[in-house]
Every structure is written in C-alpha cells, then in structure tokens.
Amino acid sequence: MIQKVGVIGAGTMGFGIAFQIITNGMPVVLQDIKEESLQLAGEKLKTYLKIFREEGTLFGDSDETITNRLTFTTKIEGVAGCDLVIESATENLELKQEIFRQLDEICGENVILTSNTSSLKLSEISRNVEKHKDKVMITHFFNPAHIVPLVELLKGPDTKQETYDEVNAFMKKMGKVTIEVRREVPGLVANRIQVALAREALSLLEDGVVSERDLERAIFAGPGFRFSSSGLLKIIDFGGLDIWDIVLGQLQPEIETNVRSFSVIKDKIDQGNLGVKSSKGFFDYPGQSLDEYVIERDRSLIQQLKTFDKIQWEIEHA
Ligand SMILES: NC(=O)c1ccc[n+]([C@@H]2O[C@H](COP(=O)([O-])OP(=O)(O)OC[C@H]3O[C@@H](n4cnc5c(N)ncnc54)[C@H](O)[C@@H]3O)[C@@H](O)[C@H]2O)c1
C-alpha cells in the first residue's frame, strides 16, 4: 500500500507533483542534487498554498500540517523508505537510466518506480532495472502538475497488473484523472494530440493564413471552448459520424500527405451508429431525443460561457 512517496527532481514538475500529493494527505520526500532547487520548491510551496487559499480551495488541513508532510534531501538514499518513487529529473536518458539503476539497488522490492518523462521510452529508462522489473511505470503529469488533472499511465512489458492498479488507485485518491496508454508510443496520448494541433496551427501562421491574435481567438473561442466541456468523440457524436466522415474525407487530403481512412468511424456508420441522432455513436444516448441531449450539452456550454468573458478579455489585451 502506498503511504509515503519519493519524488526525484524538484524542478517545475517535481514541485507540482509533490504539492499535489502533500495537499491530498500523503507525505513526500523530495530529492534533488541541487540544494537551490529544493529551496525554491520550499518557497513555491508557501506561495501556492496562499494562491490556492485565495482562490477558495479548501485543503482540509492547515498550511502547517501540509508543509510538515514535505521533507527535502539531496541524497537519493532519502527516498529508500518510500512505497512509490516518481522520477521527475531532467529529461536525459542516461541520467534517468542511472537514477533507475540506483533506485533499483536502494529500494525494497515492493517499491514502485515510475518516471514522469515526456518523450523517453520506459523500456529504455528502466533498462538497468533488475529487482523492480514488474514495478516500473510511466506516470506522466501535465504542467502545472498541481493543477491540471490528467496523469497518463503506461506499464512496461513486465509490469504486473496489480502495480498498475495500485498506482491508478493512488493517483485517483490524489485527485487526478488517469488514462491508460495501452502501448508504448512516443509522446503518449495527450502530447501527441497537442503536437498535432500545434503542427496545423503553426503551419497556418507560417503560411500567412491567419494573424497570431486571430489564431489564439480561433482556438480559444472555437474548438477550445467546446473542449472545455466535452472530449473529441462526444463532439463527433453530436455533429454526426456521417457528417464528420464527409468533412474528414474532404479536408484530410488538403492537410496531410499520409491520409488514413478511419475504420473506427466508418464501421460505426455501416452499422447505422451515427451519433446522438441515432442513439448510439462512440457512446450510447438512451431514452432521450436528440433535442434533449443537445439542450443538456448546451447547458454546460452556457456555464462555460460565464468564464469566457475573462478569457476573451485576455485575448483582446494580449
Ligand atoms: N515541464 C513540463 O512541461 C513537463 C511536462 C510533463 C513532463 N515533464 C517531464 O518532467 C521531468 C522534469 O521536467 P521539469 O520541467 O520539472 O525540469 P526542470 O529542469 O524544471 O527540473 C529538473 C530537476 O531535476 C534535477 N536533477 C537533475 N539531475 C538530477 C539527479 N541526478 N537527481 C535528482 N535530481 C536531478 C535538477 O536539479 C532540476 O531541479 C522531465 O522528464 C520532463 O520531460 C515536463
């Protein structure tokens, strides 16, 4: 059972991960080779406790209790007594391989070892791991890790299902939203989606199709606005899979060289599952008419509209 967590690397991400965990009731040992990174993390802790409280967050514990849950060390041996160690040091393969080798040596065999890497492969980072082969994972947080809910989880080929289940349950207990990445792919899921968006947006800017400010407006006020209350597949369900199939067919050849036909859409169309209007698409929409589901969706978009004024002001004054 995870009762104490070690975080290796006290930079941008390591601090955020530690903050998330100590504010959710669990002690953390934060380790960094640089004393100044640890000092900065201690200062950021005070700043963010204040900011969260000013924004109305109730942690359920006093600042003193939360602060006392965090201990600092420059020695990697300091995390040996933890049940889960999250490595979040500088993005460098050799460095992470060496950290994992050392953790493998100093940690008891039940300790789970995870990496927060953005771009490196778990199989390579954990190449020198012997004792903990069945206990290695990627736990990929998003910056700022103490605010953005998502944590992507990836098992290695030898990782036990019970290790995954334990880490998954732990992250949820820490207030995070987890997803399982079923196969090792560079960039995992969310960063790949973000890079795909960046590739197209930056091409439009580069080609002079849109100004910088209007590019921001397009994302904030269009797709970004919808994504604040719904994922992509629900948006397709509401738009209609048949309609999206036509749009994809027309636009994909214009913007990509390696055009793929998506059986994940076409098979559903063949089965008559066109989205909300046919009560089934990627998800099920039982018992209500299209209009009723649309009204339900629009209610949440109207809620989002309430915070939109502030965002719009920021775009206009950027
Ligand atoms: N910054 C992001 O947006 C982001 C998002 C998701 C994941 N990540 C990943 O998180 C990890 C950390 O990124 P970051 O942005 O916090 O970097 P950072 O540069 O802010 O912090 C890295 C910290 O690691 C420390 N460090 C270096 N070698 C060490 C060692 N041997 N032992 C202990 N500590 C060591 C450094 O002193 C530094 O304080 C990277 O793997 C990165 O890819 C970053």
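Me: What percentage of the residues in the protein is buried?
Reply: This is a predicted model. A residue counts as buried when its relative accessible area is under 20%. The protein has 318 residues, and the buried share of them is 37%.

Me: How many helices and strands are there in the protein?
Reply: The C-alpha atoms fill a box of roughly 60 × 45 × 45 Å along the principal axes. Among contacts between residues at least 6 apart in sequence, 65% join residues at least 24 apart. The count of secondary structure elements is 13 helices and 8 strands.

Me: Which element gives the largest share of the largest nonpolar core?
Reply: The largest nonpolar core has 35 residues, and Val 5, Ile 21 and Phe 170 have the most contacts inside it. Elements that give two or more residues to this core include strand E1 (5-8), helix H2 (35-54) and helix H6 (161-173). The largest share is 7 residues, and the element that supplies it is H1.

Me: Which residues is Val 5 in contact with, leaving aside its neighbours within four places in sequence?
Reply: Val 5 is one of the residues with the most contacts inside the largest core. Its partners, with those sequence neighbours left aside, are Ile 21, Met 26, Pro 27, Val 28, Val 29, Cys 82, Leu 84, Ile 86 and Phe 170.

Me: How many residues are in the other core, which lies apart from the largest one?
Reply: Ile 99, Leu 113, Leu 122 and Leu 188 are among the members of this other core. The number of residues in it is 22.

Me: Are Cys 82 and Cys 107 buried or exposed?
Reply: The cut-off for buried is under 20% relative accessible area. Cys 82 has 2% relative accessibility, and Cys 107 has a relative accessible area of 1%. Therefore Cys 82 is buried, and Cys 107 is likewise buried.

Me: What percentage of the ligand's accessible area does the protein cover?
Reply: The ligand is surrounded by 23 residues, and the closest are Met 13, Asp 32, Ser 37, Glu 91 and Lys 96. A polar side-chain atom of Ser 118 lies 2.9 Å from an oxygen atom of the ligand, while for a polar side-chain atom of Asn 143 the distance to a ligand oxygen is 3.4 Å. On its own the ligand has 830 Å² of accessible area, of which the protein covers 78%.

Me: Which part of Thr 90 lies 3.4 Å from an oxygen atom of the ligand, backbone or side chain?
Reply: The atom of Thr 90 in question is an N or O atom. It belongs to the backbone.

Me: Which residues is Phe 227 in contact with, apart from neighbours within four places in sequence?
Reply: Phe 227 is in helix H9 (residues 223-227). With a relative accessible area of 43%, Phe 227 is partly exposed. The C-alpha atoms of Phe 227 and Leu 301 are separated by 9.8 Å, although these residues are 74 residues apart along the chain. With the sequence neighbours left aside, the contacts of Phe 227 are Leu 232 and Ile 235.

Conventions. Residues numbered from 1 in each chain as written. Predicted model: local features only at pLDDT ≥ 70, side-chain atom pairs only at ≥ 80, totals over all residues. Heavy atoms only, no water. Core = buried A, V, L, I, M, F, W, Y, C linked by side-chain atoms within 4.5 Å. Buried < 20%, exposed > 50% of the residue type's maximum accessible area, 1.4 Å probe, protein only. Helix = DSSP H or I, 4+ residues; strand = E, 2+ residues; numbered from the N terminus. Contact = heavy atoms within 4.5 Å. Near = heavy atom within 4 Å. Polar contact = N/O pair within 3.5 Å; in protein donor to acceptor, adjacent residues only side chain to side chain. Areas by Shrake-Rupley, 256 points an atom, 1.4 Å probe, with all protein chains shown as cover.
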